[in-house]
Amino acid sequence: MAAAGALDRHVALIGFMGAGKSTLGQEVAARLERPFLDVDARIEQREGPITELFERGVFREVEERVTLEALATPPGVVALGGGAVEAPAIREALRTRATTVLVEVDVDTAWQRVGNSDRPLARDEAHFRELYSRRQPLYEEVADGRARDADGVVLAAGGVTVSAMPADLLPGPGPAELVADERLLELHPPPIDSPVLTVPPGEEAKAIATAERLWRQLRLDRGGTLVAFGGGCTTDIAGFVAATYLRGVDWVAVPTTLVGQVDAAIGGKTAINLPEGKNLVGAFHWPVRTVIDPAVLETLPPEQRREGLAEVVKTGLLAGEPLWELPDEELVRRCAAFKTALCLRDPYDHGPRQALNLGHTFAHALEAAAGYETVTHGRAVALGLLAALRLSGRPTDAVEEVLAPEPVKVDRERAWQALERDKKSTGGELTLVLLGREGGFTTKVPATDVRSALDDLIAN
(Lines give C-alpha, C1' and ligand atoms only; values in the text may rest on other atoms or scores of the structure.)
Protein backbone atom coordinates (compact mmCIF):
# COMPACT_ATOMS: atom_id res chain seq x y z
CA MET A 1 0.00 0.00 0.00
CA ALA A 2 1.15 3.56 -0.68
CA ALA A 3 2.45 5.80 2.10
CA ALA A 4 -0.26 8.04 3.55
CA GLY A 5 1.54 11.34 3.87
CA ALA A 6 4.02 11.88 6.68
CA LEU A 7 2.34 9.78 9.36
CA ASP A 8 5.51 7.85 10.18
CA ARG A 9 7.95 9.64 7.89
CA HIS A 10 9.99 12.80 8.00
CA VAL A 11 8.67 15.99 6.46
CA ALA A 12 11.66 16.94 4.33
CA LEU A 13 11.89 20.42 2.81
CA ILE A 14 13.91 20.79 -0.37
CA GLY A 15 14.37 23.69 -2.73
CA PHE A 16 16.79 26.27 -4.05
CA MET A 17 18.71 28.62 -1.79
CA GLY A 18 16.61 31.57 -0.70
CA ALA A 19 13.35 29.59 -0.71
CA GLY A 20 12.91 29.99 3.06
CA LYS A 21 13.17 26.31 4.02
CA SER A 22 14.63 27.00 7.44
CA THR A 23 11.98 29.52 8.47
CA LEU A 24 9.11 27.39 7.18
CA GLY A 25 10.61 24.27 8.74
CA GLN A 26 10.60 25.79 12.20
CA GLU A 27 6.97 26.89 11.87
CA VAL A 28 5.80 23.53 10.52
CA ALA A 29 7.69 21.63 13.21
CA ALA A 30 5.92 23.71 15.87
CA ARG A 31 2.51 22.98 14.32
CA LEU A 32 3.20 19.26 14.11
CA GLU A 33 5.00 19.13 17.48
CA ARG A 34 7.97 17.43 15.87
CA PRO A 35 11.69 18.11 16.23
CA PHE A 36 13.23 20.39 13.62
CA LEU A 37 16.66 19.94 12.08
CA ASP A 38 18.29 22.36 9.66
CA VAL A 39 21.03 20.40 7.89
CA ASP A 40 23.16 23.47 7.08
CA ALA A 41 22.97 24.64 10.70
CA ARG A 42 23.94 21.17 11.94
CA ILE A 43 26.92 21.11 9.56
CA GLU A 44 28.17 24.49 10.78
CA GLN A 45 27.66 23.41 14.39
CA ARG A 46 29.76 20.30 13.87
CA GLU A 47 32.27 21.22 11.18
CA GLY A 48 32.58 24.99 11.08
CA PRO A 49 31.59 27.61 8.48
CA ILE A 50 30.18 26.23 5.24
CA THR A 51 32.28 28.71 3.24
CA GLU A 52 35.45 27.11 4.60
CA LEU A 53 34.15 23.61 3.84
CA PHE A 54 33.56 24.67 0.23
CA GLU A 55 37.06 26.10 0.01
CA ARG A 56 38.51 22.81 1.26
CA GLY A 57 36.38 20.87 -1.25
CA VAL A 58 34.72 18.69 1.41
CA PHE A 59 31.29 20.29 1.78
CA ARG A 60 29.29 17.84 -0.37
CA GLU A 61 30.79 14.86 1.41
CA VAL A 62 29.95 16.33 4.81
CA GLU A 63 26.47 17.37 3.63
CA GLU A 64 25.66 13.85 2.44
CA ARG A 65 26.77 12.29 5.70
CA VAL A 66 24.86 14.72 7.93
CA THR A 67 21.71 14.57 5.77
CA LEU A 68 21.61 10.77 5.78
CA GLU A 69 22.11 10.76 9.55
CA ALA A 70 19.21 13.18 9.93
CA LEU A 71 16.91 11.09 7.76
CA ALA A 72 17.77 7.97 9.78
CA THR A 73 16.38 9.47 13.01
CA PRO A 74 12.72 9.24 14.22
CA PRO A 75 10.34 11.37 12.12
CA GLY A 76 10.75 15.10 12.36
CA VAL A 77 10.93 18.11 10.05
CA VAL A 78 14.21 18.38 8.14
CA ALA A 79 15.33 21.33 6.00
CA LEU A 80 17.89 20.23 3.41
CA GLY A 81 20.48 22.35 1.69
CA GLY A 82 19.70 23.51 -1.83
CA GLY A 83 22.14 21.09 -3.47
CA ALA A 84 21.57 18.04 -1.28
CA VAL A 85 19.35 16.41 -3.91
CA GLU A 86 22.34 16.10 -6.23
CA ALA A 87 23.51 13.11 -4.18
CA PRO A 88 21.85 9.84 -5.34
CA ALA A 89 22.01 8.40 -1.80
CA ILE A 90 20.07 11.37 -0.44
CA ARG A 91 17.43 11.11 -3.17
CA GLU A 92 16.96 7.43 -2.32
CA ALA A 93 16.70 8.18 1.42
CA LEU A 94 14.07 10.83 0.72
CA ARG A 95 12.02 8.33 -1.28
CA THR A 96 12.06 5.74 1.50
CA ARG A 97 12.05 7.81 4.68
CA ALA A 98 10.33 11.13 3.99
CA THR A 99 7.41 12.96 2.54
CA THR A 100 9.37 15.49 0.53
CA VAL A 101 8.00 18.98 -0.07
CA LEU A 102 9.52 21.33 -2.63
CA VAL A 103 9.48 24.87 -1.25
CA GLU A 104 8.99 26.88 -4.40
CA VAL A 105 10.80 30.11 -5.22
CA ASP A 106 11.39 31.74 -8.61
CA VAL A 107 14.95 32.48 -9.57
CA ASP A 108 14.52 36.28 -9.50
CA THR A 109 13.21 36.20 -5.92
CA ALA A 110 15.95 33.79 -4.88
CA TRP A 111 18.65 36.06 -6.31
CA GLN A 112 17.07 39.10 -4.68
CA ARG A 113 17.21 37.34 -1.31
CA VAL A 114 20.68 35.79 -1.38
CA GLY A 115 22.53 37.18 -4.42
CA ASN A 116 25.95 38.71 -3.86
CA SER A 117 25.99 37.32 -0.34
CA ASP A 118 28.74 35.33 1.35
CA ARG A 119 27.14 32.08 0.14
CA PRO A 120 29.72 30.31 -2.02
CA LEU A 121 27.23 29.64 -4.84
CA ALA A 122 25.47 33.02 -4.78
CA ARG A 123 28.27 35.33 -5.86
CA ASP A 124 27.86 35.20 -9.63
CA GLU A 125 24.37 35.80 -11.05
CA ALA A 126 24.87 33.90 -14.32
CA HIS A 127 26.17 30.84 -12.50
CA PHE A 128 23.36 31.19 -9.93
CA ARG A 129 20.69 31.07 -12.65
CA GLU A 130 22.34 28.15 -14.42
CA LEU A 131 22.48 26.24 -11.15
CA TYR A 132 18.81 26.96 -10.52
CA SER A 133 17.84 25.50 -13.90
CA ARG A 134 20.06 22.46 -13.45
CA ARG A 135 18.60 21.52 -10.09
CA GLN A 136 14.91 21.86 -10.96
CA PRO A 137 14.61 18.35 -12.54
CA LEU A 138 16.14 16.82 -9.40
CA TYR A 139 13.68 18.65 -7.17
CA GLU A 140 10.83 17.44 -9.38
CA GLU A 141 12.11 13.87 -9.25
CA VAL A 142 11.89 13.52 -5.46
CA ALA A 143 9.13 15.96 -4.50
CA ASP A 144 5.86 14.51 -3.19
CA GLY A 145 4.30 17.95 -3.02
CA ARG A 146 4.93 21.69 -3.45
CA ALA A 147 4.43 24.64 -1.14
CA ARG A 148 5.14 28.33 -0.73
CA ASP A 149 3.98 28.77 2.87
CA ALA A 150 3.53 26.80 6.10
CA ASP A 151 -0.08 25.86 5.32
CA GLY A 152 1.10 24.45 2.00
CA VAL A 153 3.81 22.37 3.66
CA VAL A 154 1.35 20.98 6.22
CA LEU A 155 -1.16 20.08 3.50
CA ALA A 156 1.52 18.38 1.41
CA ALA A 157 2.74 16.49 4.47
CA GLY A 158 -0.78 15.16 4.97
CA GLY A 159 -1.22 14.20 1.32
CA VAL A 160 -3.82 16.95 0.86
CA THR A 161 -4.06 18.95 -2.36
CA VAL A 162 -6.20 22.10 -2.60
CA SER A 163 -6.37 22.96 -6.28
CA ALA A 164 -8.30 22.44 -9.47
CA MET A 165 -9.07 18.78 -10.12
CA PRO A 166 -5.80 17.23 -11.37
CA ALA A 167 -5.62 14.88 -14.32
CA ASP A 168 -3.40 12.47 -12.36
CA LEU A 169 -5.82 11.77 -9.53
CA LEU A 170 -4.63 8.21 -8.81
CA PRO A 171 -1.44 7.49 -6.84
CA GLY A 172 -0.21 4.85 -9.30
CA PRO A 173 -1.01 2.74 -12.35
CA GLY A 174 -3.03 0.04 -10.55
CA PRO A 175 -6.76 -0.65 -10.98
CA ALA A 176 -9.31 1.71 -9.44
CA GLU A 177 -13.00 1.82 -8.65
CA LEU A 178 -15.13 4.84 -7.77
CA VAL A 179 -17.66 5.17 -4.94
CA ALA A 180 -19.87 8.19 -5.58
CA ASP A 181 -22.94 9.89 -4.21
CA GLU A 182 -25.65 8.96 -6.73
CA ARG A 183 -27.06 12.49 -6.64
CA LEU A 184 -23.66 14.09 -7.24
CA LEU A 185 -23.17 12.22 -10.52
CA GLU A 186 -26.12 14.16 -11.91
CA LEU A 187 -24.10 17.38 -11.45
CA HIS A 188 -20.50 16.35 -12.05
CA PRO A 189 -18.85 13.77 -14.30
CA PRO A 190 -16.79 11.08 -12.52
CA PRO A 191 -13.20 12.27 -11.90
CA ILE A 192 -11.72 8.99 -13.19
CA ASP A 193 -12.64 6.52 -15.89
CA SER A 194 -13.40 3.40 -13.84
CA PRO A 195 -16.28 1.25 -12.59
CA VAL A 196 -18.70 3.35 -10.50
CA LEU A 197 -20.45 2.14 -7.35
CA THR A 198 -23.11 4.50 -6.04
CA VAL A 199 -24.27 5.24 -2.50
CA PRO A 200 -27.34 7.18 -1.37
CA PRO A 201 -26.91 10.81 -0.33
CA GLY A 202 -26.45 11.86 3.28
CA GLU A 203 -26.35 9.74 6.43
CA GLU A 204 -28.31 6.99 4.70
CA ALA A 205 -25.03 5.98 3.04
CA LYS A 206 -23.36 5.24 6.39
CA ALA A 207 -25.17 1.97 7.07
CA ILE A 208 -24.08 -1.65 7.49
CA ALA A 209 -26.21 -2.64 4.52
CA THR A 210 -24.42 -0.13 2.27
CA ALA A 211 -21.01 -1.34 3.42
CA GLU A 212 -21.96 -4.96 2.74
CA ARG A 213 -23.22 -4.12 -0.74
CA LEU A 214 -19.97 -2.32 -1.58
CA TRP A 215 -17.83 -5.16 -0.23
CA ARG A 216 -19.68 -7.60 -2.44
CA GLN A 217 -19.55 -5.39 -5.54
CA LEU A 218 -15.86 -4.51 -5.36
CA ARG A 219 -13.46 -6.33 -7.66
CA LEU A 220 -10.20 -4.64 -6.62
CA ASP A 221 -7.10 -6.58 -5.68
CA ARG A 222 -4.69 -5.38 -3.00
CA GLY A 223 -2.85 -3.23 -5.52
CA GLY A 224 -6.01 -1.29 -6.36
CA THR A 225 -7.34 2.06 -5.21
CA LEU A 226 -10.84 3.04 -4.11
CA VAL A 227 -11.78 6.64 -4.94
CA ALA A 228 -14.47 8.39 -2.88
CA PHE A 229 -16.33 11.15 -4.72
CA GLY A 230 -18.90 13.05 -2.70
CA GLY A 231 -19.61 14.67 0.65
CA GLY A 232 -18.53 13.67 4.13
CA CYS A 233 -20.89 10.71 4.33
CA THR A 234 -19.58 9.33 1.03
CA THR A 235 -15.95 9.61 2.11
CA ASP A 236 -16.83 8.07 5.50
CA ILE A 237 -18.44 4.95 4.02
CA ALA A 238 -15.94 4.58 1.19
CA GLY A 239 -12.99 4.99 3.55
CA PHE A 240 -14.45 2.42 5.93
CA VAL A 241 -14.98 -0.04 3.11
CA ALA A 242 -11.41 0.57 1.88
CA ALA A 243 -10.11 -0.04 5.42
CA THR A 244 -11.86 -3.39 5.71
CA TYR A 245 -11.95 -4.83 2.17
CA LEU A 246 -9.10 -7.35 1.76
CA ARG A 247 -7.96 -6.09 5.19
CA GLY A 248 -7.26 -2.70 3.67
CA VAL A 249 -6.75 -1.18 0.23
CA ASP A 250 -5.57 2.31 -0.72
CA TRP A 251 -8.14 5.03 -1.16
CA VAL A 252 -8.31 8.59 -2.41
CA ALA A 253 -10.78 11.12 -1.00
CA VAL A 254 -12.32 13.67 -3.38
CA PRO A 255 -14.70 15.69 -1.18
CA THR A 256 -17.27 17.83 -2.97
CA THR A 257 -19.12 19.55 -0.11
CA LEU A 258 -17.95 22.26 2.26
CA VAL A 259 -18.14 19.94 5.28
CA GLY A 260 -16.13 17.34 3.40
CA GLN A 261 -13.48 19.77 2.21
CA VAL A 262 -12.84 21.50 5.53
CA ASP A 263 -13.27 18.52 7.82
CA ALA A 264 -14.74 15.11 7.08
CA ALA A 265 -12.42 13.89 4.30
CA ILE A 266 -9.19 14.83 6.11
CA GLY A 267 -7.31 12.70 8.60
CA GLY A 268 -8.42 9.14 7.96
CA LYS A 269 -11.39 8.80 10.33
CA THR A 270 -13.90 6.50 8.63
CA ALA A 271 -17.14 5.14 10.07
CA ILE A 272 -20.70 3.96 9.75
CA ASN A 273 -23.62 4.61 12.08
CA LEU A 274 -25.67 2.35 14.33
CA PRO A 275 -29.18 3.14 15.60
CA GLU A 276 -27.62 3.52 19.07
CA GLY A 277 -25.16 6.21 18.01
CA LYS A 278 -23.24 7.92 15.24
CA ASN A 279 -19.86 6.66 14.00
CA LEU A 280 -19.78 3.82 16.52
CA VAL A 281 -18.21 1.42 14.00
CA GLY A 282 -15.19 2.59 12.04
CA ALA A 283 -11.46 2.56 11.45
CA PHE A 284 -8.53 4.93 11.11
CA HIS A 285 -7.44 4.54 7.50
CA TRP A 286 -5.67 7.54 6.00
CA PRO A 287 -6.31 8.22 2.33
CA VAL A 288 -3.14 8.11 0.28
CA ARG A 289 -4.34 11.37 -1.18
CA THR A 290 -7.09 13.92 -0.52
CA VAL A 291 -7.92 16.12 -3.50
CA ILE A 292 -9.94 19.25 -2.74
CA ASP A 293 -11.22 21.44 -5.56
CA PRO A 294 -12.98 24.48 -4.01
CA ALA A 295 -14.53 25.30 -7.41
CA VAL A 296 -17.08 22.50 -7.00
CA LEU A 297 -18.60 24.41 -4.08
CA GLU A 298 -20.12 26.82 -6.60
CA THR A 299 -22.71 24.17 -7.44
CA LEU A 300 -23.81 23.68 -3.84
CA PRO A 301 -27.31 24.83 -2.88
CA PRO A 302 -27.40 27.37 -0.02
CA GLU A 303 -28.58 24.81 2.52
CA GLN A 304 -25.57 22.59 1.80
CA ARG A 305 -23.22 25.53 2.30
CA ARG A 306 -24.84 26.26 5.66
CA GLU A 307 -24.24 22.63 6.60
CA GLY A 308 -20.53 22.98 6.06
CA LEU A 309 -20.31 26.41 7.63
CA ALA A 310 -20.86 24.86 11.06
CA GLU A 311 -17.54 22.99 10.74
CA VAL A 312 -15.86 26.20 9.53
CA VAL A 313 -17.06 28.06 12.62
CA LYS A 314 -15.85 25.20 14.81
CA THR A 315 -12.40 25.35 13.21
CA GLY A 316 -12.27 29.12 13.51
CA LEU A 317 -13.14 28.95 17.21
CA LEU A 318 -10.35 26.42 17.78
CA ALA A 319 -7.86 28.45 15.72
CA GLY A 320 -8.90 31.73 17.34
CA GLU A 321 -9.60 33.35 13.97
CA PRO A 322 -12.83 34.25 12.12
CA LEU A 323 -12.08 31.86 9.26
CA TRP A 324 -15.73 31.97 8.19
CA GLU A 325 -15.17 35.51 6.89
CA LEU A 326 -12.62 34.43 4.26
CA PRO A 327 -13.31 33.85 0.54
CA ASP A 328 -14.11 30.22 -0.25
CA GLU A 329 -10.74 29.09 -1.57
CA GLU A 330 -8.77 30.61 1.30
CA LEU A 331 -11.39 29.47 3.83
CA VAL A 332 -11.11 25.87 2.64
CA ARG A 333 -7.32 25.95 2.52
CA ARG A 334 -6.94 27.41 6.02
CA CYS A 335 -9.44 25.01 7.59
CA ALA A 336 -7.95 22.01 5.80
CA ALA A 337 -4.43 22.95 6.91
CA PHE A 338 -5.54 23.41 10.52
CA LYS A 339 -7.14 19.98 10.66
CA THR A 340 -4.29 18.30 8.78
CA ALA A 341 -1.76 19.60 11.30
CA LEU A 342 -3.77 18.33 14.26
CA CYS A 343 -4.27 14.94 12.64
CA LEU A 344 -0.58 14.55 11.86
CA ARG A 345 0.20 15.38 15.47
CA ASP A 346 -2.31 12.84 16.75
CA PRO A 347 -3.30 10.45 13.92
CA TYR A 348 -5.24 8.02 16.12
CA ASP A 349 -7.19 10.50 18.25
CA HIS A 350 -5.44 9.91 21.58
CA GLY A 351 -5.01 13.56 22.55
CA PRO A 352 -4.81 16.90 20.69
CA ARG A 353 -6.97 15.74 17.78
CA GLN A 354 -9.94 15.32 20.12
CA ALA A 355 -10.29 19.11 20.10
CA LEU A 356 -11.87 18.72 16.66
CA ASN A 357 -14.89 17.18 18.41
CA LEU A 358 -15.86 20.57 19.86
CA GLY A 359 -19.68 20.53 19.93
CA HIS A 360 -19.89 17.09 18.33
CA THR A 361 -20.82 15.10 21.44
CA PHE A 362 -24.11 16.99 21.56
CA ALA A 363 -24.45 17.02 17.78
CA HIS A 364 -24.13 13.26 17.38
CA ALA A 365 -26.64 12.69 20.17
CA LEU A 366 -29.20 14.91 18.46
CA GLU A 367 -28.64 13.21 15.10
CA ALA A 368 -29.06 9.74 16.61
CA ALA A 369 -32.20 10.81 18.47
CA ALA A 370 -33.62 12.00 15.13
CA GLY A 371 -32.82 8.68 13.47
CA TYR A 372 -30.38 10.52 11.16
CA GLU A 373 -33.38 11.88 9.26
CA THR A 374 -34.88 15.11 10.56
CA VAL A 375 -31.79 16.80 12.07
CA THR A 376 -28.93 17.44 9.66
CA HIS A 377 -25.29 17.24 10.72
CA GLY A 378 -24.64 20.95 10.22
CA ARG A 379 -27.67 21.97 12.24
CA ALA A 380 -26.71 19.56 15.00
CA VAL A 381 -23.11 20.82 15.10
CA ALA A 382 -24.31 24.42 15.34
CA LEU A 383 -26.42 23.49 18.37
CA GLY A 384 -23.59 21.43 19.82
CA LEU A 385 -21.24 24.40 19.57
CA LEU A 386 -23.73 26.50 21.51
CA ALA A 387 -23.82 23.93 24.32
CA ALA A 388 -20.04 23.52 24.40
CA LEU A 389 -19.43 27.28 24.52
CA ARG A 390 -22.00 27.73 27.29
CA LEU A 391 -20.31 25.02 29.37
CA SER A 392 -16.95 26.64 28.62
CA GLY A 393 -18.15 30.02 29.83
CA ARG A 394 -17.26 31.50 26.43
CA PRO A 395 -19.24 33.95 24.25
CA THR A 396 -21.66 32.36 21.80
CA ASP A 397 -21.92 35.39 19.48
CA ALA A 398 -20.15 33.84 16.48
CA VAL A 399 -22.34 30.73 16.51
CA GLU A 400 -25.54 32.70 16.95
CA GLU A 401 -24.70 35.33 14.32
CA VAL A 402 -23.23 33.06 11.64
CA LEU A 403 -25.26 29.87 12.14
CA ALA A 404 -28.40 31.06 14.00
CA PRO A 405 -29.31 27.58 15.33
CA GLU A 406 -32.79 26.87 16.66
CA PRO A 407 -33.74 24.07 19.10
CA VAL A 408 -34.83 20.82 17.45
CA LYS A 409 -37.65 18.42 18.20
CA VAL A 410 -36.22 15.05 19.18
CA ASP A 411 -36.86 12.55 21.95
CA ARG A 412 -34.95 13.81 24.99
CA GLU A 413 -34.35 10.39 26.51
CA ARG A 414 -33.12 8.91 23.27
CA ALA A 415 -30.73 11.85 22.82
CA TRP A 416 -29.40 11.40 26.34
CA GLN A 417 -28.85 7.66 25.84
CA ALA A 418 -26.93 8.36 22.63
CA LEU A 419 -24.80 10.99 24.36
CA GLU A 420 -23.91 8.57 27.16
CA ARG A 421 -22.46 6.22 24.52
CA ASP A 422 -20.12 8.90 23.17
CA LYS A 423 -16.74 7.44 22.15
CA LYS A 424 -14.72 9.81 24.36
CA SER A 425 -16.45 8.78 27.59
CA THR A 426 -14.61 6.29 29.80
CA GLY A 427 -15.50 4.47 32.99
CA GLY A 428 -19.05 5.79 32.89
CA GLU A 429 -17.86 9.41 33.09
CA LEU A 430 -18.80 11.94 30.42
CA THR A 431 -15.88 13.61 28.68
CA LEU A 432 -16.47 16.72 26.58
CA VAL A 433 -14.36 19.01 24.45
CA LEU A 434 -14.63 22.56 25.75
CA LEU A 435 -13.02 25.77 24.50
CA GLY A 436 -10.27 27.56 26.41
CA ARG A 437 -8.21 30.59 25.49
CA GLU A 438 -5.58 28.35 23.88
CA GLY A 439 -8.03 26.18 21.91
CA GLY A 440 -9.99 23.05 22.65
CA PHE A 441 -9.39 20.69 25.57
CA THR A 442 -11.06 17.56 26.94
CA THR A 443 -12.42 17.41 30.46
CA LYS A 444 -14.83 15.45 32.63
CA VAL A 445 -18.13 17.29 33.08
CA PRO A 446 -20.81 16.42 35.67
CA ALA A 447 -23.71 14.54 34.10
CA THR A 448 -26.26 17.01 35.52
CA ASP A 449 -24.56 19.91 33.71
CA VAL A 450 -24.35 17.97 30.44
CA ARG A 451 -28.00 16.90 30.67
CA SER A 452 -29.09 20.49 31.30
CA ALA A 453 -27.06 21.75 28.33
CA LEU A 454 -28.55 19.06 26.11
CA ASP A 455 -32.10 19.85 27.22
CA ASP A 456 -31.59 23.50 26.19
CA LEU A 457 -31.01 22.33 22.59
CA ILE A 458 -34.30 20.44 22.37
CA ALA A 459 -37.57 22.17 21.61
CA ASN A 460 -40.53 21.60 23.90
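Reader: Which residues does Val375 touch, not counting residues up to four places away in sequence?

Author: This is a predicted model, in which local features need pLDDT of at least 70, side-chain atom pairs count only at pLDDT 80 or more, and totals for chains, interfaces and linings use all residues. Residues are numbered from 1 along each chain as its sequence is written, and side-chain values use heavy atoms, with hydrogens and water left out. A contact requires heavy atoms within 4.5 Å. With residues up to four places away in sequence set aside, Val375 touches Leu366, Glu367, Ala370, Ala380, Val408 and Val410.

Reader: Is Val375 buried or exposed?

Author: Val375 sits in the loop between α14 and α15 (377-392); helices (H or I, at least four residues) and strands (E, at least two) are DSSP runs, numbered from the N terminus. Buried means under 20% relative accessible area, exposed over 50%, and partly exposed in between, with a 1.4 Å probe and protein chains only. The relative accessible area of Val375 is 4%, so the residue counts as buried.

Reader: What separates the C-alpha atoms of Val375 and Leu274?

Author: Along the chain, Val375 and Leu274 are 101 residues apart.

Reader: How many aromatic pairs does a search of the whole structure find?

Author: Rings of Phe, Tyr and Trp (its six-membered ring) pair if their centres lie within 6.5 Å; planes under 30 degrees apart count as stacked, over 60 as edge-to-face and the rest as tilted. Searched as a whole, the structure has this number of aromatic pairs: six.

Reader: What is the type of the aromatic pair Phe16 and Phe128?

Author: The centres of Phe16 and Phe128 are 5.0 Å apart, with 70° between the planes. Phe16 lies in the loop between β1 (10-14) and α1 (21-32) and Phe128 in helix α7 (residues 125-142), so the pair ties together parts 112 residues apart in sequence. Both Phe16 and Phe128 are buried. By its angle, the pair is edge-to-face.

Reader: Why is the pair of Trp111 and Phe128 edge-to-face?

Author: Trp111 belongs to helix α6 (residues 107-114) and Phe128 to helix α7, so this pair ties together parts 17 residues apart in sequence. At 13% relative accessibility Trp111 counts as buried, and Phe128 counts as buried at 0%. The ring centres of Trp111 and Phe128 are 4.9 Å apart, and the pair is edge-to-face because the planes are at 65°.

Reader: Which residues do ring pairs link into a cluster?

Author: Phe128 takes part in a pair with Phe16, and Phe128 also pairs with Trp111. The cluster linked by ring pairs consists of Phe16, Trp111, Phe128 and Tyr132.

Reader: Which residues is Ala84 in contact with, leaving aside its neighbours within four places in sequence?

Author: Ala84 is in the loop between β3 (77-79) and α5 (88-97). Its relative accessibility is 1%, so Ala84 counts as buried. Leaving aside neighbours within four places in sequence, the contacts of Ala84 are Arg60, Glu63 and Ile90.

Reader: Is Lys206 buried or exposed?

Author: Lys206 is located in the loop between β8 (196-199) and α9 (208-217). Beyond four places away in sequence, residues that Lys206 touches include Cys233, Asp236 and Asn273. With a relative accessible area of 3%, Lys206 is buried.

Reader: What is the phi of Arg247?

Author: Most residues other than glycine have a negative phi. Arg247, in the loop between α10 (232-244) and β10 (250-255), counts as exposed at 76% relative accessibility. Although Arg247 is not a glycine, its phi is positive, at about 60°.

Reader: What value is phi of Asp349 near?

Author: Asp349 is placed in the loop between α13 (328-345) and α14 (360-369). Its relative accessible area is 15%, so Asp349 is buried. Phi of Asp349 is positive in a residue other than glycine, near 65°.

Reader: What radius of gyration does the protein have?

Author: The radius of gyration is taken over C-alpha atoms, and the globule rule is 2.2 Å times the number of residues to the power 0.38. For 460 residues, a compact globule would come near 23 Å, which agrees with the protein's 24 Å.

Reader: How many helices and strands does the secondary structure come to?

Author: Buried residues make up 56% of the 460 residues in the protein. Its secondary structure comes to 18 helices and 15 strands.
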